Amino acid sequence: MLSYPAAIPLSTRSLNHLAGLIRARRDQRRSRWRRLDPGRQALLALAHLRNGDTLTRLAAGFEIGVTTAWRYVREAIDLLAVTADDLTTAMTRIRLLAYAILDGTLIPIDRVSDQKPYYSGKHRRHGVNVQVIADPAGRLIWASPALPGSVHDLTAARTHAIIDALTNANVMTLADKAYQGARGSIRTPFKRHRYRPKLSRWQKKANRAHARIRAIGERANATLKTWKVLTRLRCSPHRATPIVQAILVLHHVGGCGRRGWASPGPCRAPVDA
């Protein structure tokens with residue numbers, strides 16, 4: 001079996017933060033010996049989340065068993081997910097924005113036995129629905145827990161109480177036509193219906209302006225999916241929420257959500273060839 005070193009496009013802050021959580025967890029449980037030290041376990045988890053490397057390849061590269069790799073990655077994800085901000089905490093930052101952008105994204109998954117709730121008719125594939133809030137510059141601020149892919153964006157936003165939270169904070173929020181009827185502080189484009197078959201000139205102009213601003217929010221979805229593990233989840237759909245929350249924590253810890261990308265240098269991990 002051949003192996004080669006591979007770079008992970010993350011700052012060392014992410015590695016140190018995760019390694020610190022793992023070290024504290026081991027001290028709490030008084031773990032005497034592990035196959036990998038906290039730094040190597042953190043590197044293993046980051047390689048899986050960011051580069052999307054399979055556990056089989058990582059197990060060979062780190063010279064551990066596949067079951068051990070699975071256990072280490074799961075432990076790291078759970079430690080990160082516990083520290084993720086909920087919507088109430090995130091609102092302390094969101095209410096300071098001039099406006100917010102709300103959008104939903106589908107994270108593809110493998111087909112499961114109970115597959116009907118996870119099939120999205122809009123995207124024609126199985127997945128989970130995640131609601132994303134971005135700032136006016138398109139930076140990722142918060143991502144919701146995952147719901148089955150068949151859930152409509154408006155229903156998902158109401159389920160997570162996103163609309164009520166944004167309205168109570170008086171934050172004007174731009175969203176697409178999927179959120180028609182949300183009311184509150186949510187602003188959506190004008191939509192044709194049976195009693196209004198055509199839009200007026202000023203309504204079309206307003207829609208174009210709305211689309212130009214709202215399109216910036218797609219950067220937040222793209223930022224979330226730069227973590228290759230979300231290209232297609234090969235685990236249980238119930239693990240989607242802790243994975244998204246762990247990624248959100250690493251995104252903010254790494255400095256990606258404040259002043260652009262600031263990385264002292266990439267992390268490196270051995271990857272099986």
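1. A quick definition before we start: two residues are in contact when they have heavy atoms within 4.5 Å of each other. Also keep in mind that this is a predicted model.

2. Let's begin with H1 and H4. On the H1 side, the residues that meet H4 are His-17, Leu-18, Leu-21, Ile-22, Arg-25 and Arg-29. Their partners in H4 are Glu-75, Ala-76, Leu-79 and Leu-80. Sorted by class, this contact has six nonpolar, one polar and three charged residues.

3. How do these two helices cross? The angle between H1 and H4 is about 100 degrees, and their axes are 10 Å apart. Angles of 65 to 115 degrees count as roughly perpendicular, so H1 and H4 are roughly perpendicular to each other.

4. H4 (residues 66–82) also packs with H3 (residues 55–62), here at an angle of about 105 degrees and with the axes 8 Å apart. That makes H3 roughly perpendicular to H4. H3 brings Leu-55, Thr-56 and Ala-59 to the contact, while H4 brings Val-66, Ala-69, Trp-70 and Val-73. By class, you'll find six nonpolar residues, one polar and no charged ones.

5. Now have a look at Leu-36, in the loop between helix H1 (12–29) and helix H2 (38–51). Is Leu-36 buried or exposed? Its relative accessibility is 7%, and the cut-off for buried is under 20%, so Leu-36 counts as buried.

6. What does Leu-36 touch, leaving aside residues up to four places away in sequence? The list is Arg-26, Gln-41, Leu-44, Phe-62, Ile-64 and Tyr-72. Take Tyr-72: it sits 36 residues from Leu-36 in sequence, yet the C-alpha to C-alpha distance is 9.0 Å.

7. Ile-94 takes us to helix H5 (residues 87–94), where the buried residues are Leu-87, Ala-90, Met-91 and Ile-94. They span an arc of only 115 degrees around the axis, so they lie on the same side of H5. And what covers them? The cover includes strands S2 (100–108), S4 (125–134) and S5 (140–143), along with helix H7 (162–168).

Definitions and conventions: Residues are numbered from 1 along each chain as its sequence is written. This is a predicted model: local features need pLDDT of at least 70, side-chain atom pairs count only at pLDDT 80 or more; totals for chains, interfaces and linings use all residues. Side-chain values use heavy atoms; hydrogens and water are left out. Buried means under 20% relative accessible area, exposed over 50%, partly exposed in between (1.4 Å probe, protein chains only). Helices (H or I, at least four residues) and strands (E, at least two) are DSSP runs, numbered from the N terminus. The arc is that of the directions from the helix axis to the C-beta atoms. Axes are lines fitted to C-alpha atoms, for helices over the stretch in contact, and angles run from 0 to 180 degrees between N-to-C directions. Angles under 35 degrees count as roughly parallel, over 145 as roughly antiparallel, 65 to 115 as roughly perpendicular and the rest as oblique. Ala, Val, Leu, Ile, Met, Phe, Trp, Tyr, Cys and Pro count as nonpolar, Asp, Glu, Lys and Arg as charged, and the others, Gly among them, as polar.
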